[in-house]
Amino acid sequence: MKSRSLLRNVLPPAVFGIGFIALWELVVKGFDLKPYFLAPPSKIWQKFIQNFDLIWGATKVSGTNALIGLLVGAVFGILMSLVLSRYRTLSDLVTPLAIALNAIPIFVLVAVLNNMFAITSEVPRRIMVTLVVYFIVLVNVAKGLTQVSPTHVELMKSYAASEVSILRKVRVPNAVPYLFTALKIAAPASVITAFVSEYFGGSQNGLGSRIASNIANSKNAVAWAYVLGACLLGLAFYVISSLLEGVATPGGGSKRAETGPGARRGN
Amino acid sequence: MSAVEISSLGKVFNAGSANQVDALVDIDLSIAPGEFVSLIGPSGCGKSTLLRLIANLLEPTSGSVTVNGKSAKQARLDQDYGMAFQQSGLFEWRTVAKNIELPLELKGWEKAKRRARALEMLELVKLADFAEHYPWQLSGGMQQRVAIARALAVHPQLLLMDEPFGALDEMTREHMQSELLSICRRTGSSVVFVTHSIPEAVYLSNRVVVMSPRPGRITKIVDVGIEGERTDATRDNAAFFAGITAVREALRGVEMSDHVRGIEDR
Amino acid sequence: MSNAPSTRNHQVMLRRVRRMVLFVVSIVLVAAVWEIYKAVGPEAGGKIFGWKLLPRANDNAMPHVWEMLSRYTRPELRGSDRRIWSVVLAGAWFSFRLALVGFALGTTLGLGLAVLMSRFKIAERGILPYLVVSQTVPLIALAPLVVSWGGKLHVFGWEWPRWLSAAVLGGFLAFFPVAVGTLRGLQSAASASVELMDSYAASWTQTLFKLRFPAAVPFIVPSLKLAASSSVIGVVVAEISTGLKGGIGRLIIEYAREATSDPAKVFTAVFGAALLGLAMSGFVTIADLYMMRNRPKEATA
């Protein structure tokens, strides 16, 4: 049984993936495409190995920015959602703003932040990631804190429980799966924001600026190698947040993602 | 010619694997035109499977099913039967009238003819005023009446019903039972009716087929001896109670075989 | 149940008005916080726990809110007769059209792929894992690559224009949420409804158009919202990363460079980008309202 399900679930994507890469290679070689247009996977891999130290360095820069923004944004998002769950009016003020921000390419604020801080520092980029993560966490956790089962709240009230103990015994446990859903969305978004921020100028040290400058110099294959690095970084962030979820909520699946336009806001 | 003819029918799920299930073995049943037959039994006795075999939504492992003298498949292609489920299964994006038109649309009827038939059916189930409503604007009982109207839209000789009143409250349910009988009197359709409720089966049926699980089979067929037209007064009739007792007795035999869930004794 | 629709509509209207008012209030509050910080914050920025985390409060970094607004009425450049509001509006309109093209491309492809995957189980098993992974990797990294095709690529003698690259990138980002959302929707049809269609001997295409697509609408709607904001993001990033002329992204980059001499200018373009995003989501919201007009109200939540 086990080997059969392995065959059913792993074989098709494996065949599809290998087939796709083979086709890519064949198309590039067969049609003799110019290297500045599309590089063959074999060459990208070769460049990835050759430039591994440089790519790793750029990955560390973008990854650090993303990680700091992710942590700070998550902490502030959680704190703010706790405040919002307590004060209804404040929540009514912030929620429409958060919804409107969902629809906006918020990352363009880097252009402004660069002027507000030293453009050569990493602070504007980190603040940008923080903002993006903050709103994702805020919206989802606030939802988890407020959308609790009315029966549970009634039960607690029948015990004459205080608002604080309702928060601790009902609202917070209910919000935990929402938090991890938010983190799984925010983790890739933080990586994306980190290196999109680099397109706005500043130090030429991260993945985003490397990709742009290599293309400007018609080093297409090297740029693809950096893209590969960026994908691996995004994947690593996602896998780590998923693992965290597994450790923190054993057996409990995550709540369905906030499917509003904000789910990938700001990337 | 009988409405439904079933002979030595068998159905096996997951044949050959560790979780093989003998859903039905050796079923023989013949249903006359205009006859009302209920299938009753605990969960897993195969009554829904039997209904789906008649509808040709499942293929039998052995034996045969004929509907109106044709193979079950041909009967499905010709839409010789109408079907209704426990969940009314109305499409929420269509109006009530449009829901009833669905089978006619698929048969390629033209618009005016479809509309006329849908209105005729709504008249039959006493919902003529609700043609342009959407299903979610109706109560559960009304939705189920629309589903019955949809099943009757092609003027089928046979109605297949899978616990159509199972999700309704008791009062609506009794009302719907009377409605169904009066509709059948007017259309002359035969009905195969799957239910969990003993009184429902007895009140509606000419015959009640009692089934048992592991493997699914017919243990007894109870003839209900209620004379004449059935009305609400029938529910106080001695023959009605006799029928209930007979079916309950037959089901007791089933209960000995350790699987009792799913029988409502009401 | 429908005897009081007018009072219900009335309540819905009231809620909307209240939301609008609160939205305006919250924007005014943000502006107030900006001005307060500007009044009390350190001119050259400041440190918290040794980190340079306090922004500079001088006029170059943080112009007054009224400066930003009044900048719209002045010419783009000294001596130019084009007022900046018309330049920003033109840029946002240019990017809006690119985002629309991308949205249309991505949505069409996403719907097509979803139908393919729902038709052939093997296609779903082969492709779906990659769609899920693609949501976690920064596809936007491809922006400069795709845009670099502009002017270099010739398809059957037809030169690939640079603007199309930006639209394709928007479509590229829009495509994934639509494909995944539609697939989930197509598979959401109740099994009783599928059985009903089978009992009518309906063909696969009939079942697709009469049952699966309508049943998928509540799933497609949120995915379209995601696709709309994704296509805007794709287009703006493409414009910024490659300096594509004509759109709002290029304006932001250009105006940001003039911050020392004309600090309010960049804000006019930033708000233009906000307008672009809101316009796109407004467009999709209208489409949503139309598609969901006859649905039970819970389903739209």
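Predicted model: local features only at pLDDT ≥ 70, side-chain atom pairs only at ≥ 80, totals over all residues.

Modeller: Chain B is divided into two parts, domain 1 (4–80 + 156–255) and domain 2 (91–155). Taken over C-alpha atoms, the centres of domain 1 and domain 2 of chain B are separated by 25 Å. Where the two domains meet, 13 residues of domain 1 of chain B are in contact with 13 residues of domain 2 of chain B. On the domain 1 side, helix α6 (residues 170–187) of chain B gives the largest share, 6 residues. By class, the residues of domain 1 of chain B that touch domain 2 of chain B comprise 9 nonpolar, 3 polar and 1 charged.

The overall dimensions of the chain come next. Chain B contains 8 helices and 10 strands. Its C-alpha trace spans about 55 × 45 × 35 Å along the principal axes. The radius of gyration of chain B is 18 Å, which agrees with the value near 18 Å that a compact globule of 266 residues would have. Of the 266 residues in chain B, 45% are buried. Among the contacts in chain B with a separation of 6 or more, 69% are between residues 24 or more positions apart.

The sheets may now be taken in turn. One is an open sheet of 6 strands in chain B, in the order β6-β7-β8-β3-β9-β10, and its pairing is mixed. Its edges are formed by β6 (81–84) and β10 (217–223) of chain B, each of which pairs on one side only. From one strand to the next, the twist averages 15 degrees. Within this sheet, strand β3 (residues 36–40) of chain B runs parallel to strand β8 (residues 190–195) of chain B, and 5 bridges join them. Val37(B) stands opposite Val192(B) in β8(B). Helix α5 (residues 140–152) of chain B packs on the sheet and touches β6 and β7 (158–162) of chain B. The direction of helix α5 of chain B makes about 160 degrees with that of β6(B).

Other strand pairings in chain B involve β4. Strand β1 (residues 4–13) of chain B and strand β4 (residues 62–67) of chain B run antiparallel and are joined by 5 bridges. In this pairing Ser7(B) stands opposite Ser64(B) in β4(B). β4(B) also pairs in the antiparallel sense with strand β5 (residues 70–71) of chain B, over 2 bridges. Here Val67(B) stands opposite Lys70(B) in β5(B). β4(B) and β5(B) form a hairpin with 2 residues between them. In the turn of that hairpin, Asn68(B) has a positive phi of about 50 degrees.

For the reader who wishes to follow side chains along these strands, a general point applies: in a regular strand the side chains alternate between the two faces of the sheet.

Technical notes:
Residues numbered from 1 in each chain as written. Chains lettered and ligands numbered in written order. Helix = DSSP H or I, 4+ residues; strand = E, 2+ residues; numbered from the N terminus. Rg over C-alpha atoms; globule rule 2.2 N^0.38 Å. Buried ≥ 20, exposed ≤ 12 C-beta atoms within 10 Å, placed from the backbone. Contact = placed C-beta atoms within 7 Å. Domains from an automatic or database assignment. Nonpolar A, V, L, I, M, F, W, Y, C, P; charged D, E, K, R; others polar. Pairing = 2+ DSSP bridges. Axes fitted to C-alpha atoms, helices over the stretch in contact; angles between N-to-C directions.
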